[in-house]
Amino acid sequence: MSNYIYIFAAFAVIYAVRVLPLTLIRKPIKNRFIRSFLYYVPYVTLAVMTFPAIVRATNQPLAGAAALIAGIAAAWKGCKLLTVAGICCAVVFILELILS
Amino acid sequence: MKAKSVFLEGVRDGIPIALGYFAVSFSLGIAARNVGITAVQGMLASFLCMASAGQYALFSLIGAAASLGEIALVTLITNARYFLMSCALSQKIDPEMKNYHRFLFGAVVTDEIFGITVARPGYLDPWYNYGAMAVTMPGWAIGTGLGILMGTLLPARLVSALSVALFGMFIAVFIPPAKKDKVILGCVAASFAAALLFDLVPQLSEISAGTRTILLTVVISAAAAALFPRGEAEDE
């Protein structure tokens, strides 16, 4: 079968997954538990995806770990998105230059 | 115009994401090339799906000559976290917002775009998302195409450094609220610990990254909601 059919099938599923909640949930949710749950979801999801994945993403795990610590410190100090991302990249680039 | 300045804010915040996407999709392109996906097919898949783990799964299933049903099921599982993200976003939509916006910006709810969207206070402004989409979609699609065409041309050290840009952005989203709210800080610590456990314990590490993300998100967020429910007045 053509690759295009597979690609469009994947698109149909992923589009439904993303758009259905946005179109079906029209009212503010009143239930306190669900409200609280949805409030915590984004932060938990991002945290779960960050560690230990960041350590696995780099050639040298130590560089990834250092980038994590540097990123947390920079964000804690109030650095913006682009700055934090840039600091993480720079830490990895420099450390891997030294370590290898 | 307000829409224009909001659009430009989206472009600005989308640029670091687009750079990170470029690096990641380049390696995605290399994987696609290995199973015989052409550059046009790869770019189309990237433009439509905008999903890292989901597309890796798609390409490997195409390589394994899987059935359409299998593709649909695996796509559903690897992308189910977007369902939770969209549920969360539905609570940030202005009731006055035009309907078609939901269908447009909803097409590109990715981990990173979700991250920068929730970081903005108040109602969601679709123009912010369109700005972010205007740079991230080409970044993701072109990266995939170049990965397919050029294979391993980019130096490994550069790919390695660029690959943490995405995580840097995640960190920039969850650390500021964690600094203000002890419960979120606790959630982040619990998430790190649980994710590490799933990574290290042999039986747990066999669970795919997408499934792990859903499982831990549901369990940790539900525990936090049960133990520390938020009052009405606390919502922004």
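Two residues are in contact if their C-beta atoms, placed from the backbone, lie within 7 Å. The model is predicted; local features need pLDDT of at least 70 and side-chain atom pairs pLDDT 80 or more, while totals for chains, interfaces and linings use all residues. Residues are numbered from 1 along each chain as its sequence is written, and chains are lettered from A, with ligands numbered from 1, in the order in which they are written.

**View 1. Contact between chain A and chain B.** Chain A contributes 60 residues and chain B 80 residues. On the chain A side, two or more residues each come from helices H1 (3-24), H2 (32-50), H3 (53-57), H4 (61-76) and H5 (81-99); helices are DSSP runs of H or I, at least four residues, numbered from the N terminus. H2(A) gives the most, 18 residues. By class, this side of chain A has 47 nonpolar, 9 polar and 4 charged residues (nonpolar: Ala, Val, Leu, Ile, Met, Phe, Trp, Tyr, Cys and Pro; charged: Asp, Glu, Lys and Arg; polar: the others, Gly among them).

**View 2. The two domains of chain B.** Domain 1 spans 2-167 and domain 2 spans 181-236, with bounds from an automatic or database domain assignment. Their C-alpha centres lie 23 Å apart. In the contact, 8 residues of domain 1 meet 8 residues of domain 2. Helices H4 (68-78) and H5 (80-90) of chain B each give two or more residues to the domain 1 side.

**View 3. Helix H5 of chain B.** Of the 11 residues of H5(B), 8 are buried, so the helix is largely enclosed by the rest of the structure (buried: 20 or more other C-beta atoms, placed from the backbone, within 10 Å of the residue's own). Among them are Arg81(B), Tyr82(B) and Leu84(B).

How values were computed
A residue is buried if 20 or more other C-beta atoms lie within 10 Å of its own, exposed if 12 or fewer, and partly exposed in between; C-beta atoms are placed from the backbone.
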